[in-house]
Amino acid sequence: MRVPVIVDDVPLPPPTVPRPASLPGTASTIAAVRTALPPHRYAQDDLTEAIGDLCLAPGADRAVLRRLHASAGVRTRHLALPIERYAGLGDFGRSNDAWVAAGLELGEEALTGALREAGLGPADVDLLVCTSITGIAAPSLDARLAGRLGLRPDVKRLPVFGLGCAAGAAGLARLHDYLRGHPDDTAVLLSVELCSLTLQRRDDSRANLVAGALFGDGAAALVARGGGRAGPGAGGPSVVATRSRLYPGTEQLLGWDIGASGFRVVIDAGVPGIVRDRFGRHLRAFLAEHGLTTDDIGTWVCHPGGPKVLSAVADALGLPGDALDTARHSLATVGNLSSASVLHILQTVRESHRPEPGTWGLVLAMGPGFCSELVLLRW
């Protein structure tokens, strides 16, 4: 009799006993992914001093700010507004109004582009999951987009807040869960993240300065179809299995402190250490359940949390130096897009790398909780 491995007081299945990845006919297929970026694109060097004007007191030493911008791994970013407009936002209400206005525009662009790519129309959508952690609205963005785009009045909607950077992977996982029970349906994930609108003025905390150096703005949409659907998108990767994980005692590492000025970012320096110490064990155990190891994964779709987090992931998994190049490229060209990042990377993989049939892929992201989300793919 094999004894289960215990990690964080939770039993994991023995890695030597793989179980079937999914039941026949229950896989869902990714039919399309489309990213929409705001037109206001800036080189990192051009943003450094402008962000310093927003975050630092007049005459303050900018050495730390400049060092963070230079080491962030970001070359260019897109912002929801022209940079000169941020000083005039003033308060959380105005910032959130800007999030609603820009979010609707970008959300519509991403969603219509993804549906077009999949060969579908708005009336074909049965479930719309909409995630964002950079603004709030009721009615939510998905409700406001429904009539604007021509979604059916009976479309199922699920707005999600709080998963942060993990929500792109988690949202894909929840689409898969839904489609296993509704194999004839079409489900869409929409991520709208306008991180620049959460930047805190006159806040020289390290977390705020790190966020000002790393994050960009954008939206992304993913269309998935159930196993009972034939037709457009059949050549996309299939979702084979998913795994969610909370890490006890780490709630304080990542998230928001919410107050009168809006969302004040919490980014603890201990995040890379948690990734190195605990993330790899859970990921390997997940793969082992399906008879796989990290060597079997041909395509890594990893959230680009920042250079230190990417290095921690590579170290924890013993990955070769180029395994996370698509994540580093995404970080360099658009910055950290929070939940939209893994969708942006997945689009790049589909369009530029075109994995061979049979290739295994893994979508992975981490977020507040502290948590991780894994989605096993196969082309």
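Visitor: Which residues are linked with Arg34 in a network of salt bridges?
Guide: Arg34 is linked with Glu117, Arg350 and Glu351 in that network. A salt bridge here is a side-chain nitrogen of Lys or Arg within 4 Å of a carboxyl oxygen of Asp or Glu. This is a predicted model, in which local features need pLDDT of at least 70, side-chain atom pairs count only at pLDDT 80 or more, and totals for chains, interfaces and linings use all residues. Residues are numbered from 1 along each chain as its sequence is written, and side-chain values use heavy atoms, with hydrogens and water left out.

Visitor: How far apart are the closest N and O atoms of Arg350 and Glu117?
Guide: They are 3.2 Å apart. Helices are DSSP runs of H or I with at least four residues, strands are runs of E with at least two, and both are numbered from the N terminus.

Visitor: Is Arg350 buried or exposed?
Guide: Arg350 counts as buried, at 17% relative accessibility. Glu117 counts as partly exposed, at 33%. Buried means under 20% relative accessible area, exposed over 50%, and partly exposed in between, with a 1.4 Å probe and protein chains only.

Visitor: How many salt bridges does a search of the whole structure find?
Guide: The search finds 16. One of them joins Arg157 and Asp142, with the closest N and O atoms 2.6 Å apart. Arg157 is in strand S7 and Asp142 in helix H4, so that pair ties together parts 15 residues apart in sequence. Asp142 is buried, with a relative accessible area of 0%, while Arg157 is partly exposed at 41%.

Visitor: And what does Asp126 form a salt bridge with?
Guide: Asp126 pairs with Arg152, the closest N and O atoms being 3.0 Å apart. Asp126 lies in the loop between H3 and strand S6 (127–131), and Arg152 in the loop between helix H4 (141–149) and strand S7 (156–160), so the pair ties together parts 26 residues apart in sequence.

Visitor: Which residues touch the most other members of the largest nonpolar core?
Guide: Leu222, Phe279, Trp300, Val313, Leu362 and Leu376 do, in a core of 62 residues. The largest share, seven residues, comes from helix H7 (residues 271–288). A nonpolar core is a set of buried Ala, Val, Leu, Ile, Met, Phe, Trp, Tyr and Cys residues joined through side-chain atoms within 4.5 Å.

Visitor: What is Leu362 in contact with?
Guide: Leaving aside neighbours within four places in sequence, its contacts include Leu283, Phe286, Trp300 and Leu376. A second, separate core has 60 residues, among them Val100, Val125, Val188 and Leu331.

Key: Contact means heavy atoms within 4.5 Å.
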